[in-house]
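Subject: Handing over the model, with notes on helix packing

Dear colleague,

I am passing on the structure below, together with some notes on what came out of it. Please read the notes with the model open beside them.

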Amino acid sequence: MENWWLLILVMYGGSALAAYLLGCFNGAVIVSKYILRDDVRNHGSGNAGLTNFYRTFGGPLTALVILTDVLKAVFALLLGVWVFGWLPGGGPALFGHHIDGVLFGKYWAGLFCLLGHMFPCMFKFKGGKGILSGGTIAIMIDWRIALVVWGGFLLLTVLTRYVSLGSLWAGASFPFATWVCYPDPVIVILGFLCGGLVVWQHRANIKRLLSGTESKFSFRHKKEGGL
């Protein structure tokens, strides 16, 4: 019995730590700091995300930022599936019932991957807002959830040119789409934690949206000194 609880601890703790560390590989910080030698967090909004990177630097290296943030989410969720997918009864037994291991593994790993992206330990816990990685997580969980999240994000961003508004939709809609597709209390809680993190990271954007000072997205990246 002691060995069983040790195994459970290793599974939950080990998978959470691994997913968190994968999330810490922030594409915008890595590319700007170690390739361009100019930390993106010293520019624009100070955010270590794709939008601020593109606005500041532009160029083909933006694709490398996208690739990094997508792949780390993919690897994190595959890890979660690998760890929890083989459990007896189909998944972990929580709150008196079994949960689908594959589904739980995706949400569990997705949550800690987002935490790593937003609060990376190797970059002084100053990371991004989780939209690209979160969007990848939604795609890997269920196409229906991804359709709600990405559809609303793209529609709002195109119509208003406010990436933050589309991002807020993505974070807010994710848990409710989860609730509709998978009405399991544990999965819904994990969904609300994931979506809540995204919304929380956009709290400054909410203030700027309400005050009318939020920047609109442009395909032209801004250069320092107005050049």
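This is a predicted model: local features need pLDDT of at least 70, side-chain atom pairs count only at pLDDT 80 or more; totals for chains, interfaces and linings use all residues.

Helix 6 spans residues 131–141, and its axis comes within 8 Å of the axis of helix 4, residues 61–84, with a crossing of roughly 45°. That angle makes helix 4 oblique to helix 6, and the crossing of the two is right-handed. On the side of helix 4 the contact is made by Val65, Ile66, Asp69, Val70, Lys72, Ala73, Val74, Leu77 and Leu78, while helix 6 brings Leu132, Ser133, Thr136, Ile137, Met140 and Ile141. Sorted by class, this contact of helix 4 with helix 6 has 11 nonpolar residues, two polar ones and two charged ones.

The packing of helix 5, residues 101–118, on helix 6 has another geometry: the angle is about 175° and the axes are 10 Å apart. Helix 5 and helix 6 are therefore roughly antiparallel to each other. Here Leu103, Lys106, Tyr107, Gly110, Leu114 and His117 of helix 5 meet Ser133, Gly134, Ile137, Met140 and Ile141 of helix 6, and the classes in this contact are six nonpolar, four polar and one charged.

With helix 7, residues 143–160, helix 6 packs at an angle of about 145°, the axes being 6 Å apart, and this crossing is left-handed. The residues in contact are Ile131, Leu132, Gly135, Ala138, Ile139 and Ile141 from helix 6, together with Trp143, Ile145, Ala146, Val149, Trp150 and Phe153 from helix 7. No charged residue takes part in the contact of helix 6 with helix 7, which divides into 11 nonpolar residues and one polar residue.

Over the whole structure, one cavity of 30 Å³ or more was found, and the volume of the largest cavity is about 120 Å³. The largest cavity is lined by 14 residues, of which Gly134, Gly135, Ala170, Phe174 and Val198 are the closest to its centre. Two or more lining residues are given by each of helix 6, helix 8 (163–181) and helix 9 (185–201), and the largest share, five residues, comes from helix 6. The lining of the largest cavity holds nine nonpolar and five polar residues, with no charged ones.

Phe125, in the loop between helix 5 and helix 6, has a positive phi of about 60° although it is not a glycine. Arg161, which lies in the loop between helix 7 and helix 8, likewise has a positive phi, near 65°, in a residue other than glycine.

With kind regards

Technical notes. Residues are numbered from 1 along each chain as its sequence is written. Side-chain values use heavy atoms; hydrogens and water are left out. Axes are lines fitted to C-alpha atoms, for helices over the stretch in contact, and angles run from 0 to 180 degrees between N-to-C directions. Helices (H or I, at least four residues) and strands (E, at least two) are DSSP runs, numbered from the N terminus. Angles under 35 degrees count as roughly parallel, over 145 as roughly antiparallel, 65 to 115 as roughly perpendicular and the rest as oblique. A crossing is left-handed if the near helix is turned anticlockwise from the far one by less than a right angle, and right-handed if clockwise. Contact means heavy atoms within 4.5 Å. Ala, Val, Leu, Ile, Met, Phe, Trp, Tyr, Cys and Pro count as nonpolar, Asp, Glu, Lys and Arg as charged, and the others, Gly among them, as polar. On a 1 Å grid over the protein atoms alone, a cavity is a set of points where a 1.4 Å probe fits but cannot get out, and a pocket is an open set with protein on both sides within 12 Å along at least five of seven lines; lining residues have an atom within 4 Å of a point. Grid points are joined across faces, edges and corners, and a volume is the space filled by probe spheres set on the points.
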